[in-house]
Amino acid sequence: MARLQWLEAMLPLGIIGGMLCIMGNAQYFIHKAAHGRPKHIGNDMWDVAMERRDKKLVEQASGN
């Protein structure tokens, strides 16, 4: 019986790992539903400013 002691820890670790995966996916889908696109990892103020600029340029180009 001493040979399978590590097996006792696998069930709780599997449950914890599964819950982490479920919560990560839940955050992804909630953010995607709220904003219409996936979250961009590592966006800083420069990236946000460039997205606004690009959006404005596209709107101006389609308006002309």
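These legends walk through close-up views of one predicted model. Local features are kept at pLDDT of at least 70 and side-chain atom pairs at pLDDT 80 or more, while totals for chains, interfaces and linings use all residues. Residues are numbered from 1 along each chain as its sequence is written, and side-chain values use heavy atoms, with hydrogens and water left out.

**View 1. Helix α1, end to end.** Here α1 covers residues 5-35, with helices taken as DSSP runs of H or I of at least four residues, strands as runs of E of at least two, and both numbered from the N terminus. The helix has 31 residues and reaches 47 Å from its first C-alpha to its last, close to the 45 Å expected at 1.5 Å a residue; that expected span is 1.5 Å times one less than the number of residues. Just after α1 comes Gly-36, with a positive phi of about 85 degrees.

**View 2. The annotated stretch.** An unreviewed UniProt entry gives residues 6-30 the annotation "transmembrane region"; its positions follow the numbering used here, feature names are shortened, and annotations may be inferred rather than shown by experiment. In the model this span is 100% helix and 0% strand, and its end C-alpha atoms lie 36 Å apart.

**View 3. A nonpolar patch.** Leu-4, Trp-6, Leu-7, Met-10, Leu-13, Ile-16 and Leu-20 make a nonpolar surface patch of about 760 Å². Patch members need over 30% relative accessible area and no salt bridge, with nonpolar side chains (Val, Leu, Ile, Met, Phe, Trp, Tyr) joined within 5 Å and like charges within 9 Å. Areas come from the Shrake-Rupley method with a 1.4 Å probe, and for residues only the protein chains shown count as cover. Leu-4 sits in the segment before α1 and is partly exposed at 46% relative accessible area. Leu-13 lies in helix α1 and is exposed at 52% (buried is under 20%, exposed over 50%, partly exposed in between). From Leu-13 to Ile-30 it's 17 residues in sequence and 26 Å in space, C-alpha to C-alpha.

**View 4. An aromatic pair.** The count comes to 1 aromatic pair. Tyr-28 and Phe-29 have ring centres 5.1 Å apart and planes at 75 degrees, so they meet edge-to-face. For the cut-offs, rings of Phe, Tyr and Trp (its six-membered ring) pair if their centres lie within 6.5 Å; planes under 30 degrees apart are stacked, over 60 edge-to-face, and the rest tilted. Tyr-28 is partly exposed, at 34% relative accessible area, whereas Phe-29 is exposed at 52%.

View 5. The whole structure holds 2 salt bridges, each a side-chain nitrogen of Lys or Arg within 4 Å of a carboxyl oxygen of Asp or Glu. In this view, Arg-37 and Glu-51 meet at 3.2 Å, N to O. The pair links distant parts of the chain, 14 residues apart: Arg-37 is in the loop between α1 and α2 (45-63), and Glu-51 is in helix α2. Arg-37 is partly exposed at 39% relative accessible area, and Glu-51 is partly exposed at 29%.

**View 6. A salt bridge between sequence neighbours.** Arg-53 and Asp-54 come together in a salt bridge at 2.9 Å, N to O. Arg-53 belongs to helix α2 and is partly exposed at 40% relative accessibility; Asp-54 is partly exposed too, at 36%. Looking along the chain, Arg-53 and Gly-63 are 10 residues apart in sequence and 15 Å apart in space, C-alpha to C-alpha.

Definitions and conventions: Buried means under 20% relative accessible area, exposed over 50%, partly exposed in between (1.4 Å probe, protein chains only).
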